[in-house]
Amino acid sequence: TRVPPTGQQKAAPRTSSDFRMGAVCAKPSPLRSGPTVKEDAKPLITDAETSEGLKKGVNGWPPVTEFGWYASHSAIRKDLTDVKAVLDRMIAAPAVEEWEYEHLKAFWKIVTEYIHGHHDIEEQIVFPFLQEKLTLPQRLTTDHKTLMEYMAEATAKVDEAADQAGLKVARTAINKLDGHMRPHLLEEEEDVVPLLYKYYTADEFKPVTNQIIAHQAWWELGHYLRPYGPGANNPEKTNHVLNGLQVPYLVWLLILKPRLAWYERYYGYLIEELMDPELKKARESTLQYRVLHCACF
């Protein structure tokens, strides 16, 4: 029987910018073979202009850290970082409550569904678009299969975890996934995204963005925006959707923002309470107040 923990510690805090820092590079690593450009493809800008454009924006593209593909990678990095921090907290705690195991498994399910969806979007929408001008290395697709295998292993360990020994096993499996995920994300950011900026305009890519948004489940936008901080009214989120994704204001206001609010209500709280268990008490107190308020009036 699990007993309520005493003196629970918060997981180590991270700022939103921690997960939006990565490659701003116009050249692939010399240690691997990157994509090749097809003979009939003509660059729109020089290498120097590409490097500068990745930092400041060019040809309608936002700075690369606000580009949707890059931002989706930031969400995955944040997921893995946060889950590892939560596991470290739970493993070190004097005891772990039942709700913490339930929250962990529920949130990890969302993480895995998001990663599956992200890879499906790359394979079914983004990569075919890029193949018009680029030849992508088969390694990118092969890596996806390997990562799915590692993620399945991690999911099995998370689902099996029923005590702190089980949490340690899950932590090892997720660390293995994380260790292979980050280099894969970085490869796409360093090798592929600069060529996208160099050979395509943002207007050419807009139909791809529209397909991606249509492909996503209702909750995925809220998960994608997690690196920008909590809350549906977060101005950083609004700025990214309107300027980074270039979504029309009315679409954001009437369709996407309500989805974000629902995500915060049904899923966002899971990881927040795992990071800081005191937030669960505050939320339950608020809910109890609402129930009593409705009963009285």
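Biologist: What counts as a salt bridge here?

Modeller: A salt bridge is a side-chain nitrogen of Lys or Arg within 4 Å of a carboxyl oxygen of Asp or Glu. This is a predicted model, where local features need pLDDT of at least 70, side-chain atom pairs count only at pLDDT 80 or more, and totals for chains, interfaces and linings use all residues. Residues are numbered from 1 along each chain as its sequence is written, and side-chain values use heavy atoms, with hydrogens and water left out.

Biologist: What is the average pLDDT?

Modeller: The average is 87, and 86% of the residues score at least 70; pLDDT is the predictor's confidence in each residue, from 0 to 100.

Biologist: Where is the pLDDT below 50?

Modeller: Residues 1-7 are below 50, and that stretch has 14 contacts in the model beyond near neighbours in sequence (contact means heavy atoms within 4.5 Å).

Biologist: Which residue does Glu153 pair with?

Modeller: Lys176, through a side-chain salt bridge at 3.2 Å, N to O. Glu153 lies in helix 4 (residues 139-160) and Lys176 in helix 5, so the bridge ties together parts 23 residues apart in sequence. Helices (H or I, at least four residues) are DSSP runs, numbered from the N terminus.

Biologist: What does Asp88 meet?

Modeller: The side chain of Asp88 meets that of Arg171 in a salt bridge of 2.9 Å, N to O. Asp88 is in helix 2 (residues 68-92) and Arg171 in helix 5 (residues 164-199), so this pair joins parts 83 residues apart in sequence. Asp88 is partly exposed at 37%, whereas Arg171 counts as buried at 19%.

Biologist: And Lys237, what is its partner?

Modeller: Glu264, again by a side-chain salt bridge, 2.9 Å from N to O. Glu264 sits in helix 9 (residues 249-275) and Lys237 in helix 8 (residues 235-244), 27 residues apart. Lys237 is buried, with a relative accessible area of 1%, while Glu264 is partly exposed at 22%.

Biologist: Which residues form a network of salt bridges?

Modeller: Lys78, Asp79, Asp82 and Arg226 are linked in one.

How values were computed:
Helices (H or I, at least four residues) and strands (E, at least two) are DSSP runs, numbered from the N terminus. Buried means under 20% relative accessible area, exposed over 50%, partly exposed in between (1.4 Å probe, protein chains only).
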